[in-house]
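Open the model in your viewer and keep the selection tool at hand. The tour goes from one stop to the next, with something to select at each.

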Amino acid sequence: MLKDLFRKPKYVTVHADTVKKDIPEGLWQKCPTCNEILYSKELEKTLKTCNKCGYHFRMSARERINITVDEGSFLELEADLASANPLGFVDYPDKIAKAQEATHIKDAIVIGEAAIGGNPVVIGVMDANFVMGSMGSVVGEKVTRAIEKAIEKRVPLIIFSASGGARMQEGIVSLMQMAKTCGALAKLNEAGLLYITVLTDPTTGGVTASFASMGDVALAEPGALIGFTGSRVIEQTIKQKLPDGFQTAEFLLNHGFVDMVIPRQQLRSTLEALLELHSTGGTENA
Amino acid sequence: MPNMLLDFEKPLAELETKIDELIKFSKDKGIDLSEEIKTLQAKAETLKRDIYGNLSPWQRITIARHPERPGTVDYIKMLFEGFMEMHGDRHFGDDPAIIGGIAKFYGEPVTVIGHVKGKDTKENIARNFGYAHPEGYRKALRLMEQAEKFGRPVLTFVDTPGAYCGIGAEERGQAWAIAENLTRMSKIHVPVIATVIGEGGSGGALAIAVGDYILMLENAVYAISTPETFASILWKDSSKAQDAAAIMKMTARDLEELQVIDEIIPEPLGGAQKNPQEAARTLGKSLQKALNSLKKLPPEKLLEKRYEKFRSIGQFISG
């Protein structure tokens, strides 16, 4: 029939054979600095560092705890503490819910009691995967409670920082967490207890400008970005390019703001040695 | 004194000019226009209350940044006697963005510290627009510790867009300087009173504002960052600053509700720049009252309360 000529032909959708080679996700990763292809199993063995150039991949809080404390010693504290919405910021509860789902933690820090080489400690580990590891009420409160727990138990405090700075969505309330955590650290100092700060990639903004920089001993991981203002903002402000290596762990070592830059493989033994040195001795009249 | 006008004040200024013209006209020509003038004056009063009684956060920011708004140096002149400025952090240099020294406040020696912006371009450059470097915060801390040694109360005045971001500031440890102040200030065992007089921006403001009592001028703002930075970080667009200002809760009333500040100091209608003397008088009275009550507290009680003040800030859900 003539009118059939004008009829739209019907197509049948044929699904292509789903015999796509099944590559399990995350089998390998590419090193962002030297482009080396690294197999995930190998990466685990090297504690997530590149075996070619030494690049340190970022770690989640859980991964960090696993490679740092004695097996089975970790007792998590305040795991359920979650963010409210002090400014009534649209989208914020949603953003938090998504981050919680993706990371399986309630906010950007995990704290708890643990042992390292048999030495009891209170440990806090920030997680940059959770809203850039930013500090709002929950991070401020958990850091403060970790400090208070260390004072109560009279044990050293170790905090691994990884943060883009203050949680903008909590506004001034975030800013005040800086004063809160530093006030608690002043009490820890009075109690004569050791605080080791470990600066990991990235540590910037309000976290650097509060508890992260106040350690008796400051360690940093190689290549970690550490500073106050992000480099993009500085470049916009001063309208010039920043020198290579600016705001790296090594830059801070040169400028006198960290005690040691320690590769991840030696971090645990370094912490153990420091804890050991602070566990005995000390005289009243020293 | 002729004030530089802000945009939202212009309708009022136009009306006032019209009234002045009408008065002059009626006088020159000998025509009685008193009824018309009275009506317009009443209208101007209503407009004034309307404009200044319903200021948006952004309008307050423009008042807080008004070039003629009294700053730390003006309050030092109006509220203190015999101010002697002290310079330098004893490590690197002297930061002109923070001024500090000793003066008498109602006859009693006190240490005064505050951010300083410029009144004109030349002074703004010299003062780095009130953006302090690490040496500024270290000078402030040195003077606070000195105040503690001699049992002098510390009065600080906050007026900064934020801590400076630049190569030198990073090299000399901007973050470390701020953190050190926050930590040490929680233990300074003399009364510390902070007043936000203009802009209170980020850690650069907080670094001299860990106090026992926090006052804030009616049109001052205090926030995690400037609205420009806020918009740039969250929306990658600093031109959305006005939208940011609307949601940041940075006005004195917002901060009182959030229990970040203790008292709002009323300003003359239209802002402190309209009548600096009156603004200073009102502030002076509140400062004196706060100081007198803090001086009655024994040091350990003072520090306990100061700690609790900041310890209790934060909103979260447990479980």
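**Stop 1: a salt bridge between chains**

Select R311(B) and E148(A): they form a salt bridge, with the closest N and O atoms 2.8 Å apart. Keep in mind that this is a predicted model. Between chain B and chain A the count is three salt bridges. Polar contacts come next: 13 residue pairs cross the interface of chain B and chain A, both residues at pLDDT 80 or more.

Now colour the elements of chain B. Which of them gives the most? Select α8(B): it gives eight residues to that side. Colour by class next. The side of chain B that touches chain A has 28 nonpolar, twelve polar and eight charged residues.

**Stop 2: the whole interface**

Show both sides. Chain B brings 48 residues to the contact and chain A brings 56 residues. Together the two chains bury about 4700 Å², with 72% of it on carbon and sulfur atoms. Pick out E170(B), W176(B) and I224(B). These residues supply 16% of the area that chain B buries against chain A, more than any other three residues.

**Stop 3: strands across the chains**

Switch to cartoon view. Select strand β4 of chain A, residues 82–83, together with β9(B). Two bridges join these strands, which run antiparallel. Zoom in on A82(A): opposite this residue stands I317(B) in β9(B).

**Stop 4: two domains in chain A**

Select 23–57 of chain A for domain 1 and 59–285 for domain 2. How many Å separate their centres? Taken over C-alpha atoms, the separation is 24 Å.

Look at where the domains of chain A meet. Six residues of domain 1 are in contact with eight residues of domain 2. The buried area between these domains is about 680 Å², and carbon and sulfur atoms give 52% of it. Highlight L47(A), K48(A) and H56(A) in domain 1. They lose the most area to domain 2, together 76% of what that side buries.

Notes. Residues are numbered from 1 along each chain as its sequence is written. Chains are lettered from A and ligands numbered from 1 in the order in which they are written. This is a predicted model: local features need pLDDT of at least 70, side-chain atom pairs count only at pLDDT 80 or more; totals for chains, interfaces and linings use all residues. Side-chain values use heavy atoms; hydrogens and water are left out. Contact means heavy atoms within 4.5 Å. Buried area is the accessible area (1.4 Å probe) that two parts lose on being put together, summed over both. A salt bridge is a side-chain nitrogen of Lys or Arg within 4 Å of a carboxyl oxygen of Asp or Glu. A polar contact is a pair of N or O atoms within 3.5 Å; within protein, one must be able to donate a hydrogen and the other to accept it, and residues adjacent in sequence count only if both atoms are side-chain atoms. Helices (H or I, at least four residues) and strands (E, at least two) are DSSP runs, numbered from the N terminus. Ala, Val, Leu, Ile, Met, Phe, Trp, Tyr, Cys and Pro count as nonpolar, Asp, Glu, Lys and Arg as charged, and the others, Gly among them, as polar. Two strands pair if DSSP finds at least two bridges between them. Domain bounds come from an automatic or database domain assignment.
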